[in-house]
Amino acid sequence: LQAHQDGTGAYRLDRGRPEATWPTPLILFACHALGQPKESLANGLNRILNLKALTLKEDPEVANLVDINPKRVGWPWAINNFSWVEPTSWSVLALRAGGFADHTRTLEGMRMLLDRAFDEGGANYGNKRVLDAWTEPIPGPSALLLLALQGVSHPRVTRSLAYLK
């Protein structure tokens with residue numbers, strides 16, 4: 001794994017796009033789970049802390065197309081992309097495991113995840129509504145969201161647990 005970390009702290013696949021950021025939090029979380037010392041993960045954790053997704057402009061037309069808070073910032077799959085549930089969940093998991101549970105970016109990521117969860121429970125990859133059509137929750141992103149939000153007391157968390165059951 002260390003052979004795939006670049007000078008910025010990001011982990012990239014040799015055959016992957018240089019913009020891809022998604023492997024970094026997964027690898028950091030795995031390294032933590034395997035018992036690597038937090039100090040050895042510092043460069044990667046700093047990379048995650050400094051990476052921000054693009055946000056939607058506050059535009060009435062955009063507000064009618066989606067049902068999310070455009071001010072909530074999570075993490076993207078790739079640089080210059082928008083916040084998505086899965087990379088944000090993995091980033092929150094890695095940061096919480098790495099000792100950054102109370103960091104502003106971690107807390108903002110958690111708020112973004114709560115915003116993307118359906119009132120009825122569950123989540124999908126991004127938006128709850130697109131072009132005036134409601135989307136459906138999906139088990140995989142819902143499970144990751146719940147892992148990232150462990151210990152959070154919120155109706156959407158409770159209903160997401162019920163959704164998965």
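Ala, Val, Leu, Ile, Met, Phe, Trp, Tyr, Cys and Pro are counted as nonpolar, Asp, Glu, Lys and Arg as charged, and the others, Gly among them, as polar. The structure is a predicted model, in which local features need pLDDT of at least 70 and side-chain atom pairs count only at pLDDT 80 or more, whereas totals for chains, interfaces and linings use all residues. Residues are numbered from 1 along each chain as its sequence is written, and side-chain values use heavy atoms, with hydrogens and water left out.

Grid points are joined across faces, edges and corners, and a volume is the space filled by probe spheres set on the points. By this rule there is 1 cavity of 30 Å³ or more, and the volume of the largest cavity is about 70 Å³. By class, 8 nonpolar, 3 polar and 1 charged residues make up the lining of the largest cavity, and among the residues that line it are Trp22, Pro25, Arg47, Trp75 and Ser91. Helix 1, helix 2 (42-50) and helix 4 each contribute at least two residues to this lining, helices (H or I, at least four residues) being DSSP runs numbered from the N terminus.

Proline 25, one of the residues lining the largest cavity, is placed in helix 1. Proline 25 has a relative accessible area of 4% and is therefore buried, where buried means under 20% relative accessible area, exposed over 50%, and partly exposed in between (1.4 Å probe, protein chains only). Arginine 47, which also lines the largest cavity, is 22 residues from proline 25 in sequence, with a C-alpha to C-alpha separation of 9.4 Å.

The largest pocket holds about 190 Å³ of space. Of the 14 residues that line the largest pocket, Ile68, Phe82, Ser83, Arg116 and Asn127 are the closest to its centre. The lining of the largest pocket comprises 7 nonpolar, 5 polar and 2 charged residues. Phenylalanine 82 is located in the loop between helix 3 and helix 4 and counts as partly exposed because its relative accessibility is 35%. The C-alpha atoms of phenylalanine 82 and asparagine 124 are separated by 14 Å, the two residues being 42 residues apart along the chain. Asparagine 80 is found in the loop between helix 3 and helix 4, where it has a positive phi of about 65° although it is not a glycine; with a relative accessible area of 63%, asparagine 80 is exposed.

The structure contains 5 salt bridges, each defined by a side-chain nitrogen of Lys or Arg within 4 Å of a carboxyl oxygen of Asp or Glu. In one of them, the side chains of aspartate 6 and arginine 12 meet at 3.1 Å, N to O; aspartate 6 is partly exposed at 26% relative accessibility, whereas arginine 12 is buried, with a relative accessible area of 18%. A salt bridge also joins the side chains of arginine 17 and glutamate 19 (3.5 Å, N to O), and glutamate 19 is partly exposed at a relative accessible area of 37%.

Arginine 72 forms a further salt bridge with glutamate 108, in which the closest N and O atoms are 3.6 Å apart. This pair links distant parts of the chain, 36 residues apart, with arginine 72 in the loop between helix 3 (60-65) and helix 4 (85-97) and glutamate 108 in helix 5 (residues 104-116). Arginine 72 counts as partly exposed at 27% relative accessibility, while glutamate 108, at 13%, counts as buried. Through salt bridges that share partners, Arg72, Glu108 and Arg111 are joined into one network.

Turning to the loop between helix 1 and helix 2, this is the place of glutamate 39, which is exposed, with a relative accessible area of 65%. Glutamate 39 and glycine 98 are 59 residues apart in sequence, and their C-alpha atoms lie 9.0 Å apart in space.

Note on methods
1 Å grid on protein atoms, 1.4 Å probe; cavity = no way out; pocket = protein on both sides within 12 Å on 5 of 7 lines; lining within 4 Å.
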